[in-house]
Amino acid sequence: MKKVGILYILGFLVGMATGLFIPLSTLFLESKGVSENIIGMISSTYFVAMVVGSIIFLKICRKTDAYKLVISALLLAVIAIFVFVNSTKIIAFFICMFVVGLGISFNFITIQNNLAQTDTDDKTKVTGIYAFFFAIGFAVSTALGTIMFSISTNLAFGAACVLLLIDMVIIYNAKLKLGNSDNKSSGSENKIALFFPFILGGYTYGFIENAFSAFYPIYLKDSYSLKFAGIVLGTFVLGGIVGMLPLSALPAKLGIYKACILFSIGALFSLALIVGTSQKLLFSLIAGACVCVIYPSTLAALNMERVSSDDVIWATGVYSMFYSIGSACGPFVTGFVMDFTHKGLFIVSGLLIGLFMIVHLVMETKMQLQRR
C-alpha cells in the first residue's frame with residue numbers, strides 16, 4: 001500500500017504541474033502575439049514528444065534503472081520551462097515544449113506501469129483513485145494558475161518547476177522500477193486490433209481534454225475575464241473529480257462498451273452546450289465528469305481483461321502512445337479550426353472524434369452480441 005500511496009502523490013504532483021503548464025503556455029504564447037494555428041502546433045509538440053518518449057523509454061528502460069531516466073528527463077523539463085518563459089523565438093518554444101513533453105512522458109509510463117503491477121484484484125479502483133488525485137491536482141493548479149499568471153508569469157511557471165522538482169525527489173527516494181517483460185510482445189498487431197476500443201478511449205480522452213484545456217481559455221477571454229476562464233476550466237476538471245469514482249463503477253455493472261458509449265454521449269451533448277448556452281459552469285462540470293472517466297475505465301479494462309502479465313509494460317506503453325497522439329492532434333487540429341473559421345467552433349473537432357468513438361463502440365457491442 002505504501003507504493004500505491006506514492007503513485008497517488010506522484011499523480012497529484014504531475015496533475016498540478018501539467019495543469020499549470022499546458023493552459024498557461026497557450027495564454028503566454030498569445031500574449032506574445034503568436035497566432036492560434038502556431039499555438040496549436042507548439043502545444044501539439046508537447047504531445048508529439050510524449051509519443052516519441054513512449055517509444056524511446058520502452059526501448060532503453062531495460063538498459064538502466066527507470067527512475068534514473070525519469071529524473072534526468074524531468075530535470076531537463078524544468079530547465080526547458082525556464083527557457084520557455086524567457087524566450088521570444090518560435091523555434092525555442094517548439095524545442096522547450098518537446099523537452100517538457102519528453103520528461104512528462106517518461107514519468108507517466110513509469111507511474112502507469114507500476115499501477116498495472118500493483119498487488120490488488122481491483123485495478124479499476126486503483127487506477128480510478130490515481131486519476132482522481134491527478135484530476136484534483138490539475139483542477140487546483142488550473143484554478144490558481146490563471147490567478148498567478150495575472151500576477152506574474154514567472155510565478156505561475158516557477159510553481160510548475162517546483163512541482164516537477166518535488167516529483168523528482170520522490171521518484172529518486174522510491175526508486176520506481178519496471179517489470180521484467182520483453183520489449184516486444186508476440187503478436188503485437190493482433191493484440192492492438194484486440195484492444196483497439198480501449199486504445200481509442202485513450203486517444204479520444206487525450207484529444208478532447210487537451211484541446212479543451214489549451215483553447216477554451218482563449219475562446220472565453222474574448223467575452224469574459226481571465227479569472228472566469230480559469231474558474232470554468234477548473235470546473236471542467238472538478239467535474240472529472242466528482243464523477244471519477246462513482247462513474248468508474250459503471251463499467252463493472254454495464255460492461256465497458258456500454259459504459260463508454262454513455263460517457264461519450266454525455267460528453268458530446270455537454271461540450272456542445274458549453275458553447276451554445278450561457279450555463280458554461282454547469283455544462284463544464286458535466287463534460288468533465290463524462291470525459292475524464294474514460295481514462296481510468298479504458299486503461300483499467302486494458303490491464304485487467306486483455307493483457308497478460310508479461311505484456312503489461314508493452315500495453316501501457318502503447319496506451320500512453322495513443323493517448324499522446326490524441327493529445328497532440330487535439331490542440332493541432334483545433335488551432336487550425338479556430339484560426340481559419342471561428343473561435344466558437346474550437347470544440348467541433350472534439351465532437352467528431354467523440355462521435356467516431358460512439359459509432360465504433362456501438363459496432364463492437366453488436367459484434368459481441370452476435371458472438372453470443
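**View 1. Helix α5 gives the most to the lining of the largest cavity, with five residues.** The model is predicted; local features need pLDDT of at least 70, side-chain atom pairs count only at pLDDT 80 or more, and totals for chains, interfaces and linings use all residues. Residues are numbered from 1 along each chain as its sequence is written, and side-chain values use heavy atoms, without hydrogens and water. Helices are DSSP runs of H or I with at least four residues, numbered from the N terminus. At least two lining residues come from each of α4 (90-116), α5 (123-151), α8 (196-221) and α9 (226-247).

View 2. A cavity is a set of points, on a 1 Å grid over the protein atoms alone, where a 1.4 Å probe fits but cannot get out; lining residues have an atom within 4 Å of a point. Points are joined across faces, edges and corners, and the volume is the space filled by probe spheres set on them. Of the 14 lining residues, Phe-134, Tyr-205, Glu-209, Tyr-295 and Tyr-323 lie nearest the centre. The lining comprises twelve nonpolar, one polar and one charged residues (nonpolar: Ala, Val, Leu, Ile, Met, Phe, Trp, Tyr, Cys and Pro; charged: Asp, Glu, Lys and Arg; polar: the others, Gly among them).

**View 3. The second largest cavity, with a volume of about 40 Å³.** Its lining includes Thr-18, Ile-22, Tyr-46, Phe-47, Phe-134, Glu-209 and Tyr-323. Helices α1 (2-31), α2 (36-60), α5 and α8 each supply at least two lining residues. Seven nonpolar, two polar and one charged residues form this lining.

Conventions:
1 Å grid on protein atoms, 1.4 Å probe; cavity = no way out; pocket = protein on both sides within 12 Å on 5 of 7 lines; lining within 4 Å.
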